[in-house]
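Please read it beside the coordinates.

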Amino acid sequence: MISFPNIDPVAVSFGAIKIRWYSLSYIIGAIFIWIWLAIIGTKEKTLDKKCYDDLMFFTLLISIACGRIGYVLLYNPVYYFRNPIEIFQIWNGGMSFHGGLIGCVIGVLLVTKAHKKSFFYVADAISCIAPVGIFFGRIANFINAELYGRVTKMPWGFVFPGSDGAVRHPSQIYESFFEGLVLLCLMLFFRYFIKKKDFYRDGYAFVLFIVLYSFIRFMLEFFREPDAHIGYFFNYLTIGQLLSIIFLFASMLCIFFLNRHKANNMLVTDG
């Protein structure tokens, strides 16, 4: 067992104003995405500053809102319907990644339509750097001692503050490594090597991100303690695994759409 490093969840404090590590993880992730879009837009001459500024602002705003709504509806609707004022207290935690992903898609759709840009081109670009935000978000979960893992006898287990005192998997660290660093390496490899192949089409990186994240999340959920008020579905699966399955099927439909669109374009060109 390793002693839990009691890090203050509040990173910076200015009197009554407190900035938490969890909030900083969103800020850092947003900065990385903004810089990445600026580099790509300048290098490939595809996105002007107004476009990626709007992408960053509106996509972040909508994804946070949808992440919160997703958490309220999927993870604890009864509690929040009884305490509606707490829905807006996002500083107390409670965000759904899958809800945030839907919000991100909505934001990119709206901005790319307004700027007359390709949705899939921009979605591909964001997908390649998005794991950075996931990495810092999971580290913040660990600092907050939340979303911890199941009971374990492994020597690297922790006793998390506020838990039942059992030694548990640091599932947040597992997720930060696999959903963050490993996924980031895979996406960058795909962008810089596979994208050069003739078969590549805009949208493939976006779909790959959903497929890989869903698979990694599904596997890591076996180490993560399910929410006590939700438990297991079918006595085996967590809500995170069910959502991963749904998004995996959605990505398969997206692949079908992209390939069909590609085939139609070839027919038009040949005709």
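1. The model is a predicted one. Residues 119-140 give 100% helix and 0% strand as well, with end C-alpha atoms 30 Å apart. Both spans come from the "transmembrane region" annotation of an unreviewed UniProt entry, which also covers residues 20-42, 95-112, 177-194, 203-220 and 232-258.

2. Helix α2 takes in residues 49-75 and helix α4 residues 97-115; the two pack at an angle of about 150°, and their axes are 7 Å apart. An angle over 145 degrees counts as roughly antiparallel, and α2 and α4 are therefore roughly antiparallel to each other. Their crossing is right-handed.

3. On the α2 side, the contact with α4 is made by Lys 50, Cys 51, Asp 54, Leu 55, Phe 58, Thr 59, Ile 62, Ser 63, Cys 66 and Gly 67. The α4 side includes Gly 99, Gly 100, Gly 103 and Gly 107, and also Cys 104, Val 108, Val 111 and His 115. By class, the residues of this contact are ten nonpolar, eight polar and two charged.

4. Asp 54 belongs to helix α2. Is Asp 54 buried or exposed? Its relative accessible area is 14%, and the limit for buried is under 20%, so Asp 54 is buried. Leaving out residues up to four places away in sequence, Asp 54 touches Thr 59, Val 111 and His 115.

5. With 5% relative accessibility, Thr 59 counts as buried. Apart from neighbours within four places in sequence, Thr 59 is in contact with Asp 54, Cys 104, Gly 107 and Val 108. Cys 104, Gly 107 and Val 108 are among the α4 residues that meet α2.

6. The pair α5 and α6 packs at an angle of about 165°, with 8 Å between the axes. α5 and α6 are therefore roughly antiparallel to each other. The crossing of α5 and α6 is left-handed, whereas that of α2 and α4 is right-handed.

7. Which residues of α5 and α6 meet? Those from α5 include Ala 125, Cys 128, Pro 131, Val 132, Phe 135, Arg 138, Asn 141 and Phe 142. Those from α6 include Gln 172, Glu 175, Ser 176, Glu 179, Leu 183, Met 187 and Arg 191. This contact of α5 with α6 has 15 nonpolar, five polar and four charged residues.

8. Arg 138 carries a "binding site" annotation in the unreviewed UniProt entry. Arg 138 sits in helix α5 and counts as buried, at 9% relative accessibility. Residues up to four places away in sequence aside, Arg 138 touches Leu 147, Gln 172, Glu 175, Ser 176, Glu 179, Tyr 213, Arg 217 and Arg 224. Of these, Gln 172, Glu 175, Ser 176 and Glu 179 are among the α6 residues that meet α5.

9. Leu 212 is placed in helix α7, residues 204-220. With neighbours within four places in sequence set aside, Leu 212 is in contact with Leu 183, Leu 186 and Met 187. The C-alpha atoms of Leu 212 and Glu 179 are separated by 8.6 Å, and the two residues are 33 residues apart along the chain.

10. Two backbone values deserve a look. Most residues other than glycine have a negative phi. Lys 45, not a glycine, has a positive phi of about 55°; Lys 45 is in the loop between α1 (21-44) and α2 and is exposed, with a relative accessible area of 73%. Leu 147, likewise not a glycine, has a positive phi of about 55°. Leu 147 is in the loop between α5 (119-143) and α6 (171-192), and at 29% relative accessibility Leu 147 counts as partly exposed.

Methods: Residues are numbered from 1 along each chain as its sequence is written. This is a predicted model: local features need pLDDT of at least 70, side-chain atom pairs count only at pLDDT 80 or more; totals for chains, interfaces and linings use all residues. Side-chain values use heavy atoms; hydrogens and water are left out. Axes are lines fitted to C-alpha atoms, for helices over the stretch in contact, and angles run from 0 to 180 degrees between N-to-C directions. Helices (H or I, at least four residues) and strands (E, at least two) are DSSP runs, numbered from the N terminus. Angles under 35 degrees count as roughly parallel, over 145 as roughly antiparallel, 65 to 115 as roughly perpendicular and the rest as oblique. A crossing is left-handed if the near helix is turned anticlockwise from the far one by less than a right angle, and right-handed if clockwise. Contact means heavy atoms within 4.5 Å. Ala, Val, Leu, Ile, Met, Phe, Trp, Tyr, Cys and Pro count as nonpolar, Asp, Glu, Lys and Arg as charged, and the others, Gly among them, as polar. UniProt positions are given in the numbering used here, feature names are shortened, and annotations may be inferred rather than shown by experiment. Buried means under 20% relative accessible area, exposed over 50%, partly exposed in between (1.4 Å probe, protein chains only).
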